[in-house]
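Please look over the sequence and the structure below before reading on. The report that follows moves from one residue to its surroundings and then to another part of the chain.

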Amino acid sequence: MFLERHVLDASGGITYDGQRWRRLPGKAPAAPPGRSMHERGMAIDFTSSGRLITSRSDPAFTWLRNNASRFGLYNLPSEPWHWSTNGN
């Protein structure tokens, strides 16, 4: 059983375990605590030879593009390394 411990407030912030979380302007997007597909086991960031896959010309990305859907994984177009069950 999972217990959600976050609450959205009227200003768009999130309170999680008593701490308030907000996205900062100009910072890379990140899911608030309790909302990440990674936390739920529905997303993975792949590496190749110990490095994050940052290029679509990387042979590992090519393999993933051709094969990942067989395993139920789809790419987030803006992040070659990020694959999830819904492409988000």
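Which backbone nitrogen does the side chain of Asp58 reach?

## About the model

This is a predicted model, in which local features need pLDDT of at least 70 and side-chain atom pairs count only at pLDDT 80 or more, while totals for chains, interfaces and linings use all residues. Residues are numbered from 1 along each chain as its sequence is written, and side-chain values use heavy atoms, with hydrogens and water left out.

## Asp58

The side chain of Asp58 reaches the backbone nitrogen of Ala60 at 2.7 Å, a polar contact (a pair of N or O atoms within 3.5 Å; within protein, one must be able to donate a hydrogen and the other to accept it, and residues adjacent in sequence count only if both atoms are side-chain atoms). Asp58 itself lies in the loop between β6 (51-52) and α1, where helices (H or I, at least four residues) and strands (E, at least two) are DSSP runs numbered from the N terminus.

Beyond its neighbours within four places in sequence, Asp58 is in contact (heavy atoms within 4.5 Å) with Ser48 and Ile53. The C-alpha atoms of Asp58 and Ser48 are 8.5 Å apart, although ten residues separate them in sequence.

## Phe46

Phe46 is found in the loop between β4 (43-45) and β5 (47-48).
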